[in-house]
Amino acid sequence: MHESMSDSLSVTAGHRRPPAVNAHKKREALTAYVFLAPWFLGLFVITVGPILASLYLSFTDYSLLEEGSWVGADNYVKMFTQDDRFLTSLKVTTIYVVVSVPLQLAFALLLALALDRGLRGLSFYRSIYYLPSLLGGSVAIAILWRKLFGVDGLFNAVLAVFGIEGPGWVSDPDTALGTLILLHVWTFGAPMVIFLAGLRQIPQSYYEAASVDGASRLRQFRSITLPLLTPIIFFNLVLEVIKSFQSFTQSFIVSGGNGGPVDSTLFYTLYLYLKGFKSYEMGYAAAMAWVLLLIIAGLTGVNFLASKYWVFYGDTK
Amino acid sequence: MSLGSRKKMWTVAFLTAAVMTTASACGGGSGGDGGGSGDKVKIVFSYWGSDARQKLTEQALKKFEEKNPAIDVEGDFSNWDSYYEKLATKVAANDAPDVMSIEIRGLSEYAGRGALADLAGKVPSADLDQQVLSSGQVEGKQYAVPTGVNAFSMLANPSVLEKSKQKLPDDKTWTWDQWIGLAKQISAGGGGAMGAEYNPNPAWLQIFAAQRGEKFYDGNKIGLSVDTIKAWWNISQQLIAAKAAPEPAKSAELLTAGPEQSLLATNAGAMGMWWSNQLNALSKASGQELELLRMPRQKGAPTAGMFLQPAMYYTASAKSEHPAEAAKLIDFLVNDPDAASILLSDRGLPTNSKVLAAVKDKLPPVDQRTLAFIDEIKGELSPITAPPKGALQMEDILKRNTDEVLFGKTTPDAGAQKFLSEANAAIAG
């Protein structure tokens, strides 16, 4: 379908063809558009429409129950000047992203390296380690986490064996975010699988040559594996930063829906949800969504700019 | 080839058409249930709760349809956690249920934003408890009819008390200090049980404040003083320091686990504060005959501070296309003994005196005790009015600030100031 579309585009771009063929191409293009129509309909009705509507709403005091009126940039100003909880949520989310993403990627890379060494039953291990990624964002796991790290949870039971009396990890404001970071790190499977694929791309001959030259394993890792893997690391980094900025389920379930204790797990998206659906400040929530979009777009932009200095694409040098 | 592609295009067109007609047929099917069977009017009734409530409600709605063959009621059920999100979204989409269940804290939000219809004169209310009924008014208009009442009270587990060799106190005269003392003795008794546990419901603070002559909500402002809030926190601080109540982290876990997992219900705690309609579930979970007690008092308090709170209200959408039928359903639910004999005390004890007389003997023993308890304290109760907009957030705000103080993240002074400014902002907004 894609092919036929680009074909028909090149036709309209100027090559004169016999009219019969031209009509045939047109029909093919039409067919393509008919097939694409449901998707376009979905895009405009379900995605683009609401996105534009939310931009408009972010400049109003829309409450969900009543029509809003235009308030200009008030929502945006209030966010940064009067709303302590907004700043808290920004702080909590930033800590979460900054700590958990590098940890998760490091962990994923480590396991990928271990698995790449020609282990028997590789696909089995790969599936096992990938499993948490599928489950990590789920409600069931979040509930399990709450039990695991509760005052009388399994984790404390294990600590008790060593004579340590652990706190209520998920319900203590000092440790609650830590448990969520751990949960995120635990979902290392997705980047691991991508790392594994990346490692397979590195020609074995490089290592052989390095071995002949007497390079140690560590040296090989630093000089061959790491540089050639940077595009993959970069890809994973961008993906995980975006994903973890939007984390919601973990904090919603583990904290019982309010970002507690004492706002220590108040993720940005959770606060957005509380504003929109609990305080009926949908206009404000819409503004928060746009700020989040800008933050993520900005970070991704910075990531791309910085990538020039550390990402090595084999073909550019 | 050309023929092939033309054929394909037609196939697509046909398929699309087929899908669209099927979809619209489905839509018509589910939407026009009533439309098919003559001129039946269809109304929607939304409510939240447990599976048990859903079963009872479906039975009651069936009874209503039997009595009113021209009306078809669709029950729109969801659990508590998602109820308001769902309702608000429906109201926003101009698709509000004709009859909506709303609790007192959400009443001003919905009435004030024009979502509710004035029910005065539309739903007969002469036999209802007039004082409780008046709590369904916002700015002088009867937007809501109470389903039944509860009292926020102290519940005690006699078996735990016995194990720690303590006796039930005389709740007519007991003070907060005595209550704290008793809790300490129970915890120190060595039976392994806690004396008390924490419930974040603002009702406790409301009662405590009333005993000091302060209103929780004073018009559109918070009427609490910093001293009162601090004194109230001090109770929890004393209990926690003496290990007579669980530490805050444990409390937080107990709260997310729900009433059935509370210390009281698992026979691991002697006393706790709950709504009287929770007596049933808590008794069942513990297997004990739990006692309903008055809340302790401040020494020399002008009033007991306790109050009857409607468990929830029936309200009608201001935009309903069938206001008469909606009113009829509400009338049935609160005034018809047939409805009450199915619903019993599930939505609080009925306040319609005639209905109550008719179903009294059918109530399970636990409810009869609650009824007797409420009768006993009737003379000591304070009136209640619907709190202002934003009250739905109060429990969260109070709990968050209480946590900050109890976890030692802030001083009681700073915490009280912060609570007041956040709470005032919520109800002003």
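Biologist: In which sense do strand β1 and strand β3 of chain B pair?

Modeller: This is a predicted model, in which local features need pLDDT of at least 70, side-chain atom pairs count only at pLDDT 80 or more, and totals for chains, interfaces and linings use all residues. Residues are numbered from 1 along each chain as its sequence is written, while chains are lettered from A and ligands numbered from 1 in the order in which they are written. Strands (E, at least two residues) and helices (H or I, at least four) are DSSP runs, numbered from the N terminus, and two strands pair if DSSP finds at least two bridges between them. For β1 (residues 41-48) and β3 (residues 99-102) of chain B there are two bridges, and the sense is parallel.

Biologist: Which residue of β3(B) does Ser46(B) stand opposite?

Modeller: Strands of a sheet pair through backbone hydrogen bonds, either parallel or antiparallel. In this pair, the residue opposite Ser46(B) is Met100(B).

Biologist: Which strands stand at the edges of that sheet in chain B?

Modeller: The sheet is open, with five strands and mixed pairing, in the order β2-β1-β3-β14-β6 (chain B). From one strand to the next, the twist averages 25°. Each edge strand has a single partner, so one side of each is left without a neighbour in the sheet; these are β2 (71-78) and β6 (144-146) of chain B.

Biologist: At what angle does helix α13 of chain B run to β14(B)?

Modeller: Axes are lines fitted to C-alpha atoms, for helices over the stretch in contact, and angles run from 0 to 180 degrees between N-to-C directions. Helix α13 (residues 323-335) of chain B lies across β1, β2, β3, β6 and β14 (313-316) of chain B. Its angle to β14(B) is about 170°.

Biologist: How far apart do the C-alpha centres of domain 1 and domain 2 of chain B lie?

Modeller: The bounds come from an automatic or database domain assignment. Domain 1 of chain B covers 37-148 + 311-372, and domain 2 of chain B covers 151-308 + 390-428. The distance between their C-alpha centres is 30 Å.

Biologist: Which helices each supply at least two residues of the side of domain 1 of chain B that touches domain 2 of chain B?

Modeller: Two residues are in contact if their C-beta atoms, placed from the backbone, lie within 7 Å. By that rule, the contact takes 12 residues from domain 1 of chain B and 10 residues from domain 2 of chain B. On the domain 1 side, the helices are α5 (104-112) and α16 (365-377) of chain B.

Biologist: Which element gives the largest share of the side of chain B that touches chain A?

Modeller: The contact takes 29 residues from chain B and 29 residues from chain A. Elements giving two or more residues on the chain B side include α4 (80-92), α11 (248-257) and α17 (394-406) of chain B. The largest share is six residues, and it comes from α1(B).

Biologist: Is Asn94(B) buried or exposed?

Modeller: Asn94(B) sits in the loop between α4 and β3 of chain B, and its phi is positive, about 60°, although it is not a glycine. A residue is buried if 20 or more other C-beta atoms, placed from the backbone, lie within 10 Å of its own, exposed if 12 or fewer, and partly exposed in between. Asn94(B) has 8 C-beta neighbours inside 10 Å, so this residue counts as exposed.

Biologist: And how does Lys243(B) count?

Modeller: Lys243(B) lies in the loop between α10 (226-241) and α11 of chain B. Its phi is also positive, about 55°, although Lys243(B) is not a glycine. With 14 C-beta neighbours inside 10 Å, Lys243(B) counts as partly exposed.

Biologist: How many residues of helix α13 of chain A are buried?

Modeller: Among the buried residues of α13(A) are Tyr268(A), Leu272(A) and Lys275(A). The buried residues pack against α4 (84-115), α11 (217-245), α12 (249-254) and α14 (282-310) of chain A. Helix α13 (residues 268-278) of chain A is largely enclosed by the rest of the structure, because the buried count among its 11 residues is eight.

Biologist: Over which residues of chain B is the pLDDT below 50?

Modeller: pLDDT is the predictor's confidence in each residue, from 0 to 100. Chain B has a mean of 87, and 91% of its residues reach 70 or more. Where pLDDT is low, the predicted coordinates should not be read in detail. The stretch below 50 in chain B is residues 20-37.
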